[in-house]
Amino acid sequence: MDKTVMTILLAVVIVAVAFIVYNYIKKHKESSMEMTFAMIKPDAVKAKNSGKIIDMIEHHGFNIVRMEKVVINADKAKTFYGVHKERPFFGELVEFVTSGPVVIMALEKNNAVKDWRELMGATDPAKAAEGTIRKKFGTNIGNNAIHGSDSPENAKIELGLFFPDLK
Ligand code: RTP
Ligand code: MG
């Protein structure tokens with residue numbers, strides 16, 4: 001085969017491979033983008049810590065896709081915390097989360113569910129690691145400043161409950 005034809009063929013093959021690899025990486029990157037549901041609870045809203053918490057969220061690389069300040073009614077709170085309905089603290093939990101305005105958010109990031117849980121800190125603020133939101137702004141296990149979905153499956157359910165129009 002002519003040397004020029006060989007060179008052209010080789011160039012075509014290289015461009016084709018580069019195109020396939022580029023698209024594979026792009027698709028892979030996009031598919032690891034995830035959304036989670038977050039809430040600034042009534043204690044933190046009341047204490048005027050919403051702004052500081054939102055600042056931390058943005059500084060940790062989350063994109064706030066939706067955000068709204070609302071008061072949750074008892075029916076919605078019971079659905080939201082439905083997994084805990086048999087627990088002794090269920091009544092208190094529903095009462096607390098409906099006791100005043102909350103800030104609900106849809107947060108987007110690679111590994112958003114896991115990373116948001118990490119930034120939140122342990123359920124009990126006394127056990128939360130330094131630098132976490134619950135360590136900084138939580139008071140006790142009931143008044144622990146924020147909520148975050150605990151799995152990608154629950155994130156979809158919770159986002160659907162609070163932001164039904166979100167795709
Ligand atoms: P959240 O759902 O609010 O983000 O909190 P979490 O995942 O860290 O904790 P979870 O086990 O889902 O519990 C939900 C909320 O119930 C209250 N709680 N009280 N007294 C208790 O032993 C107790 N355990 C849980 C907390 O306010 C917790 O955020
Ligand atoms: Mg939970």
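Leaving aside residues up to four places away in sequence, isoleucine 40 touches Val45, Ser50, Ile53, Val102, Val103, Ala145 and Ile146, a contact being two C-beta atoms, placed from the backbone, within 7 Å. The model is predicted: local features need pLDDT of at least 70 and side-chain atom pairs count only at pLDDT 80 or more, while totals for chains, interfaces and linings use all residues. Residues are numbered from 1 along each chain as its sequence is written, and chains are lettered from A and ligands numbered from 1 in the order in which they are written.

Ile40, Leu107 and Ile146 touch the most other members of the largest nonpolar core, which has 29 residues. Such a core is a set of buried Ala, Val, Leu, Ile, Met, Phe, Trp, Tyr and Cys residues joined through C-beta atoms within 7 Å. Two or more of its residues come from each of β1, α3, α5 (90–97), β3, α6, α7 and α8. Strand β3 gives the largest share, six residues. Helices (H or I, at least four residues) and strands (E, at least two) are DSSP runs numbered from the N terminus.

## Helix α8

Ala155, Glu158 and Leu159 are buried in helix α8 (residues 152–162). They lie on the same side of α8 because they cover an arc of only 100° around the axis; the arc is that of the directions from the helix axis to the C-beta atoms. Exposed residues Glu153 and Gly160 are on the face turned away from the buried side. Buried means 20 or more other C-beta atoms within 10 Å of the residue's own, exposed means 12 or fewer, and partly exposed is in between, with C-beta atoms placed from the backbone.

The buried residues of α8 pack against β1 (33–40), α4 (74–80), β3 (102–110) and α6 (112–120).

## Two positive phi angles

Most residues other than glycine have a negative phi. Lysine 48 is not a glycine, yet has a positive phi of about 60°. This lysine 48 is in the loop between α2 (42–46) and α3 (50–59) and counts as exposed, because it has 8 C-beta neighbours inside 10 Å.

Alanine 145, also not a glycine, has a positive phi of about 70°. Its loop runs between α7 (133–137) and β4 (146–148). With 27 C-beta neighbours inside 10 Å, alanine 145 counts as buried.

## Domains

The domain assignment, which is automatic or from a database, gives domain 1 (1–31) and domain 2 (34–162). Their centres, taken over C-alpha atoms, are 46 Å apart.
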